[in-house]
Amino acid sequence: MEPDIRYARNGDVAIAYQVVGSGERDLVFVPGFVSNLVYAWDSPYWREFYERLARSFRLILFDKRGTGLSDRGGPGWAALETRMEDMRVVLQAVGSERAVLLGSHEGGQMAALYAATYPEATEALVLFQCISRGEGSDKPYWQEARRTLRNWMTQELADQWLSEVCPTLLRSEADRVWFANWLRVGASPEIGYALNMTYADSDVSEVLPTIRVPTLVLVRGGLAKEQGAASSVESIPNARLVEIAGSDYWGIFLSPEIVDEVEAFVATLEAEVEPESVLATILFTDLVGSTAKAAELGDRRWRELLGEHHARTRRELLRHRGVELDTAGDGFFARFDGPARAIRCACAIRDSVAELGLELRAGVHTGECEVLDDKVTGIAVSIGARVAAEAAAGEVLVSQTVRDLVAGSGLSFDDRGLAELKGVPGDWRLFAVRSLAGAS
């Protein structure tokens, strides 16, 4: 009998999940592209894969928002940050404080981001066929995909995809039909297209070097090697690479030894260590022309206006789950666990204080920070401050790392070109936030 299906809520969005087995360690499987918690159990491949994992772990399964049994939560496809938060509410719902993350294909990007952002909640990370950098949705292949997905998901198209990513399943009539139905019950045509476009534009290559949890990278020949899945092991500190026999790009369940490799890897884990660093998004804000404004108003009126500025800023930080780290004069330094929230918070603060006749500039950067007594330090903090210093009045500037992590969020940007950030080596490409439309 299949395990019962339950739902965890992230705001108004319900995320379907299951718990299988009762092992001492939790393992959450982050599926690649689409999934369906009901239909998977009708497949002998997925059933055997899940049951084998459940012998050693308390296995946590879920459908990403917009796929399978989970709510869609708005138009398009959610950004990595939002999907990461969906998984977090599932883990909270099942009482999981620390888990092994097994991310497959597209799901590997989100698993990697989670491991870097929440190392204290991640016991280990396993990536299968994870490509860290999409090739860009402006490429001819993806433009063709837009036309192709109007036929989602005909048997002809399913066969074409199998020929490219999983020829093993193409040999059987039953497997061919199952795969086409898997895609149909996994996502609607619009979600299927939006998911692929977001994946093409996502880039977590700057996140990988910040991962500090034990990591195993699994690669199975062919397309994965050509697209650089094995390169993840070169970017993640102390990661271990294992090549799995076979040439199918898709189908984690086609290699029984994968479960063996995961079990063997987890068995080598040492006792829990408190993380010394974490991936965080840094926001700096600063009022423009504050000295002249203070001289114009006088000390008393300026203090009152500054107090209202502080109150409005703190209200937006609370609403967007930002953590105030420091306040220096008329500027704020805050930390977020997701870049899209930091951007939306910066824009909300800017618009709110504009009602007071104040102009604000802001900078946002995501990077590895040292953690000490709930404070964060390091080069990422310096970069965030320098990005803010480059912003014009009323402008929210972000680094390219931030821009690459919010694909699918509905945010859009204007390229501000390369900048030299004082005290920071190299040139940095910066982007100005242009639009807040779409999903969070």
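**Exercise 1.** Is His-105 buried or exposed?

*Solution.* The structure is a predicted model, in which local features need pLDDT of at least 70, side-chain atom pairs count only at pLDDT 80 or more, and totals for chains, interfaces and linings use all residues. Residues are numbered from 1 along each chain as its sequence is written, and side-chain values use heavy atoms, with hydrogens and water left out.

Step 1: His-105 belongs to the loop between β5 (99-104) and α3 (106-117). Helices (H or I, at least four residues) and strands (E, at least two) are DSSP runs, numbered from the N terminus.

Step 2: apply the cut-offs. Buried means under 20% relative accessible area, exposed over 50%, and partly exposed in between (1.4 Å probe, protein chains only). His-105 has a relative accessible area of 2%, so His-105 is buried.

Step 3: consider the backbone. Most residues other than glycine have a negative phi. For His-105, however, phi is positive, near 50°.

**Exercise 2.** Determine where Gln-129 lies and describe its backbone and its burial.

*Solution.* Step 1: the residue is in the loop between β6 (122-128) and α4 (140-148). Step 2: Gln-129 is not a glycine, yet its phi is positive, at about 55°. Step 3: with a relative accessible area of 0%, Gln-129 is buried.

**Exercise 3.** Which residues does Gly-246 touch, not counting residues up to four places away in sequence?

*Solution.* Step 1: Gly-246 is located in the loop between β8 (240-243) and α11 (257-267). Step 2: contact means heavy atoms within 4.5 Å, and Gly-246 touches Arg-220 and Gly-221. Step 3: Arg-220 is 26 residues away along the chain, while the two C-alpha atoms are separated by 5.9 Å. Step 4: the relative accessible area of Gly-246 is 47%, which makes this glycine partly exposed.

**Exercise 4.** Describe the setting of His-310 in its helix.

*Solution.* Step 1: His-310 is part of helix α13 (residues 299-319). Step 2: its relative accessible area is 14%, so His-310 is buried. Step 3: leaving aside neighbours within four places in sequence, the contacts of His-310 are Thr-327, Gly-329, Asp-330 and Phe-332.

**Exercise 5.** Identify strands that pair with β12, giving the sense of each pairing.

*Solution.* Two strands pair if DSSP finds at least two bridges between them.

Step 1: β9 (residues 277-288) pairs with β12 (residues 359-372) in the antiparallel sense over 12 bridges; here Ile-282 stands opposite His-365.

Step 2: β14 (residues 396-399) is joined to β12 in the parallel sense by three bridges. Val-364 has Val-398 of β14 as its bridge partner.

Step 3: β13 (residues 375-377) runs antiparallel to β12, with three bridges, and Glu-370 stands opposite Thr-377. These two strands form a hairpin with two residues between them, and Asp-373 in the turn has a positive phi of about 55°.

**Exercise 6.** How many helices and strands does the protein have?

*Solution.* Step 1: the secondary structure comprises 16 helices and 16 strands. Step 2: the radius of gyration, taken over C-alpha atoms, is 23 Å, close to the 22 Å that the globule rule (2.2 Å times the number of residues to the power 0.38) gives for 440 residues, so the protein is as compact as a globular protein of that length. Step 3: buried residues account for 58% of the 440 residues.
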